[in-house]
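Here is my note for your first look at this model. Please read it with the structure open beside you.

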Amino acid sequence: MPSSTTRAPRRDAAANREAIIAAAAAALNEDIDASLETIAARAGLSRRAIYGHFATRDDLLVDVFTRGAARLAALLDPVSHPDARVEIALFGATLWAEVEHVRVSAALAVRGPHREIVGAALDPARERLRDTVRRGMAAEQLRTDLDLETVTRLIENAAVSVLDEAMRAKLTNSEGHRLVMLAGLSAAGLSWREAGALIAETPELAFQEVTA
(Lines give C-alpha, C1' and ligand atoms only; values in the text may rest on other atoms or scores of the structure.)
Protein backbone atom coordinates (compact mmCIF):
# COMPACT_ATOMS: atom_id res chain seq x y z
CA MET A 1 0.00 0.00 0.00
CA PRO A 2 2.63 2.63 0.87
CA SER A 3 4.35 2.14 -2.46
CA SER A 4 1.11 2.62 -4.42
CA THR A 5 0.36 5.89 -2.64
CA THR A 6 3.78 7.35 -3.36
CA ARG A 7 4.15 6.44 -7.03
CA ALA A 8 1.19 8.40 -8.41
CA PRO A 9 2.23 11.76 -6.91
CA ARG A 10 5.71 11.28 -8.32
CA ARG A 11 4.29 10.64 -11.77
CA ASP A 12 2.04 13.69 -11.43
CA ALA A 13 4.93 15.84 -10.28
CA ALA A 14 7.10 14.70 -13.18
CA ALA A 15 4.29 15.33 -15.65
CA ASN A 16 3.64 18.78 -14.20
CA ARG A 17 7.31 19.68 -14.40
CA GLU A 18 7.47 18.64 -18.05
CA ALA A 19 4.27 20.58 -18.77
CA ILE A 20 5.77 23.69 -17.16
CA ILE A 21 8.99 23.40 -19.16
CA ALA A 22 7.13 22.82 -22.42
CA ALA A 23 4.79 25.74 -21.76
CA ALA A 24 7.69 27.99 -20.82
CA ALA A 25 9.63 27.09 -23.97
CA ALA A 26 6.62 27.89 -26.16
CA ALA A 27 5.77 31.11 -24.31
CA LEU A 28 9.34 32.38 -24.23
CA ASN A 29 9.82 31.74 -27.94
CA GLU A 30 6.89 34.08 -28.50
CA ASP A 31 7.82 36.60 -25.82
CA ILE A 32 11.13 36.46 -23.94
CA ASP A 33 9.51 38.47 -21.13
CA ALA A 34 6.59 36.05 -20.71
CA SER A 35 5.42 36.09 -17.09
CA LEU A 36 5.04 33.13 -14.78
CA GLU A 37 1.29 33.71 -14.92
CA THR A 38 1.36 33.33 -18.69
CA ILE A 39 3.49 30.20 -18.47
CA ALA A 40 1.32 28.70 -15.73
CA ALA A 41 -1.87 29.33 -17.71
CA ARG A 42 -0.34 27.73 -20.78
CA ALA A 43 0.60 24.67 -18.73
CA GLY A 44 -2.86 24.50 -17.19
CA LEU A 45 -1.42 25.03 -13.72
CA SER A 46 -1.33 27.72 -11.08
CA ARG A 47 1.56 30.12 -10.51
CA ARG A 48 2.01 28.47 -7.13
CA ALA A 49 2.44 25.09 -8.84
CA ILE A 50 5.43 26.46 -10.74
CA TYR A 51 7.09 27.47 -7.49
CA GLY A 52 6.70 23.88 -6.37
CA HIS A 53 9.24 22.95 -9.03
CA PHE A 54 11.32 26.09 -9.54
CA ALA A 55 12.37 28.47 -6.77
CA THR A 56 12.49 31.45 -9.16
CA ARG A 57 11.56 32.37 -12.71
CA ASP A 58 15.29 32.50 -13.41
CA ASP A 59 15.69 28.85 -12.40
CA LEU A 60 12.92 27.90 -14.82
CA LEU A 61 14.54 29.89 -17.63
CA VAL A 62 17.89 28.22 -17.13
CA ASP A 63 16.27 24.78 -17.34
CA VAL A 64 14.32 25.70 -20.46
CA PHE A 65 17.27 27.30 -22.23
CA THR A 66 19.69 24.52 -21.32
CA ARG A 67 17.30 21.91 -22.69
CA GLY A 68 16.80 23.93 -25.84
CA ALA A 69 20.54 24.28 -26.35
CA ALA A 70 21.05 20.55 -25.81
CA ARG A 71 18.32 19.82 -28.37
CA LEU A 72 20.00 22.16 -30.82
CA ALA A 73 23.39 20.51 -30.31
CA ALA A 74 21.87 17.06 -30.87
CA LEU A 75 20.26 18.22 -34.12
CA LEU A 76 23.55 19.54 -35.47
CA ASP A 77 25.60 16.49 -34.49
CA PRO A 78 24.74 14.34 -37.55
CA VAL A 79 25.16 17.19 -40.06
CA SER A 80 28.09 16.41 -42.33
CA HIS A 81 29.37 17.17 -45.83
CA PRO A 82 32.80 16.88 -47.50
CA ASP A 83 32.59 20.53 -48.62
CA ALA A 84 33.02 22.78 -45.57
CA ARG A 85 30.97 25.53 -47.21
CA VAL A 86 28.01 23.21 -47.73
CA GLU A 87 28.33 21.90 -44.19
CA ILE A 88 28.16 25.43 -42.81
CA ALA A 89 25.04 26.11 -44.87
CA LEU A 90 23.52 22.84 -43.63
CA PHE A 91 24.16 23.90 -40.04
CA GLY A 92 22.14 27.05 -40.70
CA ALA A 93 19.37 25.20 -42.52
CA THR A 94 19.07 22.74 -39.63
CA LEU A 95 18.74 25.60 -37.16
CA TRP A 96 16.06 27.22 -39.28
CA ALA A 97 14.07 23.99 -39.52
CA GLU A 98 13.84 24.03 -35.71
CA VAL A 99 13.37 27.78 -35.35
CA GLU A 100 10.17 27.51 -33.32
CA HIS A 101 11.92 25.37 -30.73
CA VAL A 102 15.41 26.79 -30.52
CA ARG A 103 15.22 30.47 -31.47
CA VAL A 104 15.34 31.88 -27.95
CA SER A 105 17.75 29.26 -26.63
CA ALA A 106 20.12 29.91 -29.51
CA ALA A 107 19.96 33.67 -29.05
CA LEU A 108 20.58 33.48 -25.31
CA ALA A 109 23.42 31.03 -25.79
CA VAL A 110 25.21 33.72 -27.78
CA ARG A 111 24.24 36.98 -26.10
CA GLY A 112 21.76 36.41 -23.28
CA PRO A 113 22.29 36.77 -19.52
CA HIS A 114 22.53 32.98 -19.17
CA ARG A 115 24.93 32.51 -22.07
CA GLU A 116 27.63 30.78 -20.01
CA ILE A 117 25.24 28.18 -18.58
CA VAL A 118 23.26 27.67 -21.76
CA GLY A 119 26.36 27.88 -23.93
CA ALA A 120 27.91 24.88 -22.19
CA ALA A 121 25.18 22.68 -23.66
CA LEU A 122 26.13 23.96 -27.11
CA ASP A 123 29.84 23.22 -26.76
CA PRO A 124 29.68 20.01 -28.84
CA ALA A 125 27.97 21.86 -31.70
CA ARG A 126 30.45 24.72 -31.45
CA GLU A 127 33.33 22.27 -31.64
CA ARG A 128 31.80 20.72 -34.75
CA LEU A 129 31.49 24.14 -36.38
CA ARG A 130 35.05 25.01 -35.37
CA ASP A 131 36.34 21.83 -37.00
CA THR A 132 34.36 22.60 -40.15
CA VAL A 133 35.77 26.12 -40.31
CA ARG A 134 39.28 24.81 -39.72
CA ARG A 135 38.85 22.36 -42.60
CA GLY A 136 37.44 25.05 -44.87
CA MET A 137 40.26 27.47 -44.09
CA ALA A 138 42.86 24.79 -44.77
CA ALA A 139 41.23 24.09 -48.15
CA GLU A 140 41.11 27.86 -48.85
CA GLN A 141 37.34 27.66 -49.25
CA LEU A 142 36.72 30.11 -46.41
CA ARG A 143 38.19 33.43 -45.41
CA THR A 144 41.67 33.36 -43.88
CA ASP A 145 42.04 37.06 -43.13
CA LEU A 146 40.68 36.36 -39.62
CA ASP A 147 41.61 33.72 -37.08
CA LEU A 148 39.70 30.48 -36.60
CA GLU A 149 37.90 31.49 -33.42
CA THR A 150 36.74 34.79 -34.85
CA VAL A 151 35.36 33.24 -38.04
CA THR A 152 33.58 30.55 -36.03
CA ARG A 153 31.93 33.16 -33.79
CA LEU A 154 30.94 35.30 -36.77
CA ILE A 155 29.18 32.36 -38.41
CA GLU A 156 27.40 31.43 -35.20
CA ASN A 157 26.26 34.98 -34.53
CA ALA A 158 25.12 35.43 -38.13
CA ALA A 159 22.89 32.37 -37.92
CA VAL A 160 21.37 33.41 -34.60
CA SER A 161 20.75 36.95 -35.83
CA VAL A 162 18.82 35.59 -38.79
CA LEU A 163 16.73 33.34 -36.54
CA ASP A 164 15.82 36.37 -34.46
CA GLU A 165 15.23 38.75 -37.35
CA ALA A 166 13.30 36.24 -39.42
CA MET A 167 10.71 35.81 -36.72
CA ARG A 168 10.22 39.58 -36.45
CA ALA A 169 10.06 40.02 -40.22
CA LYS A 170 7.61 37.11 -40.57
CA LEU A 171 9.66 35.44 -43.28
CA THR A 172 8.26 32.36 -44.95
CA ASN A 173 9.95 29.04 -44.28
CA SER A 174 11.68 29.06 -47.65
CA GLU A 175 12.87 32.67 -47.20
CA GLY A 176 14.26 31.96 -43.76
CA HIS A 177 15.91 28.77 -44.95
CA ARG A 178 17.76 30.65 -47.67
CA LEU A 179 18.62 33.69 -45.57
CA VAL A 180 20.19 31.76 -42.70
CA MET A 181 22.45 29.94 -45.16
CA LEU A 182 23.41 33.15 -46.94
CA ALA A 183 24.26 34.85 -43.65
CA GLY A 184 26.47 32.01 -42.44
CA LEU A 185 28.29 31.74 -45.74
CA SER A 186 28.77 35.49 -45.88
CA ALA A 187 30.33 35.47 -42.41
CA ALA A 188 32.56 32.64 -43.62
CA GLY A 189 33.91 34.89 -46.37
CA LEU A 190 31.83 34.12 -49.45
CA SER A 191 30.36 36.95 -51.52
CA TRP A 192 26.61 37.06 -51.91
CA ARG A 193 26.99 35.85 -55.51
CA GLU A 194 29.23 32.95 -54.48
CA ALA A 195 26.89 31.97 -51.65
CA GLY A 196 23.84 32.17 -53.90
CA ALA A 197 25.49 30.07 -56.59
CA LEU A 198 26.57 27.43 -54.06
CA ILE A 199 23.03 27.16 -52.70
CA ALA A 200 21.53 26.95 -56.19
CA GLU A 201 24.00 24.29 -57.34
CA THR A 202 23.85 22.05 -54.26
CA PRO A 203 20.83 19.70 -54.08
CA GLU A 204 21.36 19.10 -50.34
CA LEU A 205 20.68 22.78 -49.70
CA ALA A 206 17.33 22.91 -51.50
CA PHE A 207 14.39 23.86 -49.33
CA GLN A 208 11.95 21.09 -48.50
CA GLU A 209 8.74 21.92 -46.72
CA VAL A 210 8.17 19.66 -43.74
CA THR A 211 4.56 18.60 -43.40
CA ALA A 212 3.04 17.39 -40.16
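1. Helix 4 (residues 57–76) packs against helix 5 (residues 84–97) at an angle of about 135°, and their axes lie 10 Å apart. That makes helix 4 oblique to helix 5. Angles under 35 degrees count as roughly parallel, over 145 as roughly antiparallel, 65 to 115 as roughly perpendicular, and the rest as oblique. Axes are lines fitted to C-alpha atoms, for helices over the stretch in contact, and angles run from 0 to 180 degrees between N-to-C directions. Helices are DSSP runs (H or I, at least four residues), numbered from the N terminus.

2. A word on the source. This is a predicted model: local features need pLDDT of at least 70, side-chain atom pairs count only at pLDDT 80 or more, and totals for chains, interfaces and linings use all residues. Residues are numbered from 1 along each chain as its sequence is written, and side-chain values use heavy atoms, with hydrogens and water left out.

3. Which residues meet where helix 4 and helix 5 touch? From helix 4 come L72, L75 and L76; from helix 5 come F91, T94 and L95. By class, this contact of helix 4 with helix 5 has five nonpolar residues, one polar and no charged. Ala, Val, Leu, Ile, Met, Phe, Trp, Tyr, Cys and Pro count as nonpolar, Asp, Glu, Lys and Arg as charged, and the others, Gly among them, as polar.

4. Look next at H81, in the loop between helix 4 and helix 5. H81 counts as buried because its relative accessibility is 15%. Buried means under 20% relative accessible area, exposed over 50%, and partly exposed in between (1.4 Å probe, protein chains only). The H81 side chain reaches the backbone nitrogen of D83 at 3.0 Å. Leaving aside neighbours within four places in sequence, H81 is in contact (heavy atoms within 4.5 Å) with V86, E87, L90, R135 and E204.

5. Now find L36 in helix 2 (residues 36–43). Is L36 buried or exposed? L36 is buried, with a relative accessible area of 5%. Not counting residues up to four places away in sequence, L36 touches R47, I50, Y51, R57 and L60. The C-alpha atoms of L36 and A24 are separated by 8.4 Å, and these two residues are twelve apart along the chain.

6. Finish with Y51, in helix 3 (residues 47–51). Y51 counts as partly exposed, at 36% relative accessibility. Leaving aside its neighbours within four places in sequence, Y51 is in contact with L36 and T56. Y51 and L36 are 15 residues apart in sequence, and 9.5 Å apart from C-alpha to C-alpha.

Note on methods
Helix = DSSP H or I, 4+ residues; strand = E, 2+ residues; numbered from the N terminus. Polar contact = N/O pair within 3.5 Å; in protein donor to acceptor, adjacent residues only side chain to side chain.
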